[in-house]
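Hi everyone, thanks for making time for this one. Let's bring the model up on the screen and walk through it together.

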Amino acid sequence: EKSNTEEDVSTAQENLYLGQKPPGLIPEPFAPGLVTTPGWEYYGGFTPDLKEFYFEREVGNTEEDKKTEFVVIKNNNNQWQESVISARVGTPFISPDGKTMHLGKRYKERNDNGEWSEIKKLEAPFDSLPIMRLTASSKGTYFFDEFKRDFTGDIRYSRLLNGKYEEPRLVNEKINTGKSFHPFIAPDESYLIFDSKREDGFGDSDIYISYRQPNGEWGVPVNLGNKINTEAWEASASVTPDGKYLFFNRNMGSDKYENVDIFWVSTEVIEKLRPE
């Protein structure tokens with residue numbers, strides 16, 4: 001017979017990712033009924049221990065009572081339990097060490113008891129920028145976008161040098177075309193994923209990846225291909241902390257974005273495109 005420990009391990013493994021069966025190279029809606037519904041769900045990110053999943057969703061049936069919620073689904077003793085944290089507070093990104101939840105130019109810090117602080121604000125030079133999404137590498141380098149009212153924007157980065165953040169700089173023009181948004185920096189900074197609407201794309205916004213070259217420069221962005229990108233809007237990609245799955249959003253509804261879903265796919269799609 002199996003020992004209890006072996007059973008616990010296999011149960012725990014089966015119970016990763018909200019107990020969902022992981023996808024292969026074709027993207028699938030994440031956790032249908034639990035996360036993905038006919039409504040609007042956005043983002044989708046795990047803590048490094050994979051025991052908490054954060055996302056945003058719209059609730060309410062009529063225009064008047066529609067509101068956006070920030071939700072967490074936590075694994076307590078192998079049971080996934082959902083709770084609403086607050087109204088929408090910005091696009092969440094959890095730092096690779098799990099200690100900071102970035103919310104654009106605001107953030108929360110996690111204490112030793114696992115509780116999140118109140119929302120704090122990033123100081124200069126970030127407080128004056130219209131940041132939509134900010135992600136951080138293991139070294140603490142920030143990569144973030146800006147959102148202007150004319151629907152343009154570029155991606156910037158800022159390194160942590162001697163305990164202080166440097167003045168943000170634009171990444172290169174191969175990546176920045178004036179319509180580049182929602183960056184995700186790999187923890188080891190070996191690639192940058194973002195979305196952009198481009199001539200060579202499949203229609204609306206597509207997801208692209210740029211790999212860091214041996215000389216430290218960013219390579220020409222590569223479209224993630226027609227399994228991930230469609231004529232519809234795809235955006236806001238990120239990779240799970242264990243490096244195994246790419247999460248992203250796709251608009252399944254009209255141009256009013258009433259039905260946006262969270263998809264996931266194996267990160268083999270990223271490895272296949274990586275330059276030799």
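This is a predicted model: local features need pLDDT of at least 70, side-chain atom pairs count only at pLDDT 80 or more; totals for chains, interfaces and linings use all residues.

Residues are numbered from 1 along each chain as its sequence is written, and side-chain values use heavy atoms, with hydrogens and water left out.

Now, the pockets. A pocket here is an open set of points on a 1 Å grid over the protein atoms alone, where a 1.4 Å probe fits and protein lies on both sides within 12 Å along at least five of seven lines; lining residues have an atom within 4 Å of a point. Points are joined across faces, edges and corners, and the volume is the space filled by probe spheres set on them.

The largest pocket comes out at about 690 Å³. Its lining has 18 residues, and nearest the centre are Phe147, Phe151, His182, Trp233 and Tyr257. Strand 16 (180–185) and strand 17 (191–196) are the elements that give two or more residues to that lining. By class, the lining holds nine nonpolar, four polar and five charged residues. For the classes, Ala, Val, Leu, Ile, Met, Phe, Trp, Tyr, Cys and Pro are nonpolar, Asp, Glu, Lys and Arg are charged, and the others, Gly among them, are polar.

The second largest pocket has about 410 Å³ of space. It is lined by 22 residues, with His102, Leu122, Tyr142, Leu160 and Tyr165 closest to its centre. Here the lining splits into ten nonpolar, seven polar and five charged.

On to the strands, which are DSSP runs of E with at least two residues, numbered from the N terminus. Two of them pair if DSSP finds at least two bridges between them.

Strands 16 and 17, from the largest pocket, also belong to an open antiparallel sheet of four strands, ordered 16-17-18-19. Its edges are strand 16 and strand 19 (222–223), each pairing on one side only. Inside it, six bridges link strand 17 to strand 18 (residues 206–211) in the antiparallel sense, and isoleucine 193 sits opposite isoleucine 209 in strand 18.

So what about strand 21 (residues 245–251): how many of its residues are buried? Seven of the seven, so the strand is largely enclosed by the rest of the structure. Buried means under 20% relative accessible area, with a 1.4 Å probe and protein chains only. Tyr245, Phe247, Asn249 and Asn251 point one way, while Leu246, Phe248 and Arg250 point the other.

Strand 21 runs antiparallel to strand 20 (residues 234–239), with four bridges, and valine 239 faces leucine 246. Five residues lie between these two strands in their hairpin, where glycine 243 takes a positive phi near 75°. Strand 21 also runs antiparallel to strand 22 (residues 260–266), this time with seven bridges, and asparagine 249 stands opposite isoleucine 262.

Last stop: serine 238, in strand 20. This serine is buried, with a relative accessible area of 6%. Setting aside neighbours within four places in sequence, serine 238 is in contact (heavy atoms within 4.5 Å) with Tyr43, Gly44, Arg133, Phe184, Tyr245, Leu246 and Phe247.

Notes:
Buried means under 20% relative accessible area, exposed over 50%, partly exposed in between (1.4 Å probe, protein chains only).
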